[in-house]
Amino acid sequence: MYRRLYISCIWIIIICTIIFGVIEPAVFSWRMIGLAFMISTMYTVVNALGQGYLNAYLDKKWDWISETRKRIIYGVTLTVIVTVISVLFCNYVNFVIIQKVKPSKFFSGDYGFINWFFINLALLISAILHAR
């Protein structure tokens with residue numbers, strides 16, 4: 001079971017590294033690819049651990065067979081909350097700590113859109129992986 005999870009995480013890291021390290025930047029360099037790989041790994045590990053712990057908690061709390069409705073309602077709600085928190089944490093580390101953006105700028109204008117984009121991207125990836 002964990003083997004499939006690890007393979008999925010590796011593919012997500014590779015695809016995100018290609019998109020954000022090779023295709024997106026204006027200047028191609030090995031440093032940018034390495035940085036994109038490290039940041040993609042951070043996002044993937046933090047989100048996978050958060051979702052994994054959430055799933056384990058939901059498994060203990062509500063049974064799929066006898067409490068399906070509760071499980072789905074709490075599962076969707078908590079998945080959104082955990083994803084938002086983990087993406088905002090990763091974005092903060094990425095932009096404020098690694099890229100040295102001022103914290104006041106992080107929660108405004110352009111970075112608000114970037115936060116929204118990454119939250120939606122993480123929710124999309126989560127929904128696709130849950131559907132498998």
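Which residues form the largest nonpolar core? In this predicted model, the largest nonpolar core has nine residues, namely Val87, Phe95, Val96, Val101, Phe106, Tyr111, Phe118, Ile119 and Ala122. Helices H3 and H5 (109-131) each supply at least two residues of this core, and H5 gives the most, with four residues. Another core lies apart from it; this one has five residues, among them Ile39, Met42, Tyr43 and Val93.

**Overall architecture**

The protein chain contains five helices and zero strands. Read from the N terminus, its elements follow the order α-α-α-α-α. Along the principal axes, the C-alpha atoms fill a box of roughly 55 × 35 × 20 Å. Of the 132 residues in the chain, 30% are buried. When contacts between residues at least 6 apart in sequence are considered, 59% join residues at least 24 apart.

**Helix H2**

Helix H2 covers residues 30-61, a run of 32 residues. From its first C-alpha to its last it reaches 46 Å, close to the 46 Å expected at 1.5 Å a residue. The buried residues of H2 are Ile33, Ala36, Ile39, Ser40, Met42, Tyr43, Thr44, Asn47, Gln51, Leu54 and Leu58. An α-helix has 3.6 residues a turn, so residues three or four places apart point the same way.

**Aromatic pairs and the setting of Phe106**

The count of aromatic pairs comes to eight. The pair of Tyr92 and Phe106 is edge-to-face, because the ring centres are 5.5 Å apart and the planes stand at 90°. This pair links distant parts of the chain, as Tyr92 is in helix H3 (residues 68-98) and Phe106 is in helix H4 (residues 103-106), 14 residues apart. Phe106 is a member of the nine-residue core. Leaving aside neighbours within four places in sequence, Phe106 is in contact with Leu88, Asn91, Tyr92, Phe95, Val96, Val101, Tyr111, Gly112 and Asn115.

Elsewhere, Tyr43, Phe117 and Phe118 form one aromatic cluster.

**Accessibility of selected residues**

The table gives relative accessible areas for residues discussed in this report.

| Residue | Relative accessible area | Class |
|---|---|---|
| Tyr92 | 32% | partly exposed |
| Phe106 | 1% | buried |
| Ser126 | 10% | buried |
| Cys9 | 16% | buried |
| Cys90 | 0% | buried |

Ser126 is found in helix H5. With neighbours within four places in sequence left aside, Ser126 is in contact with Gln51 and Thr79.

**Cysteines**

How many disulfides does a search of the whole structure find? The search finds zero. The closest cysteine sulfur to that of Cys9 is in Cys16, 11 Å away, and this is too far for a bond. Cys90 is likewise in no disulfide, since the nearest cysteine sulfur, that of Cys16, is 11 Å away. Both cysteines in the table are buried: Cys9 has a relative accessible area of 16%, and Cys90 has one of 0%.

Methods
Residues numbered from 1 in each chain as written. Predicted model: local features only at pLDDT ≥ 70, side-chain atom pairs only at ≥ 80, totals over all residues. Heavy atoms only, no water. Phe/Tyr/Trp six-rings, centres within 6.5 Å; stacked < 30°, edge-to-face > 60°. Buried < 20%, exposed > 50% of the residue type's maximum accessible area, 1.4 Å probe, protein only. Core = buried A, V, L, I, M, F, W, Y, C linked by side-chain atoms within 4.5 Å. Contact = heavy atoms within 4.5 Å. Disulfide = S-S within 2.5 Å. Expected span 1.5 Å × (residues − 1).
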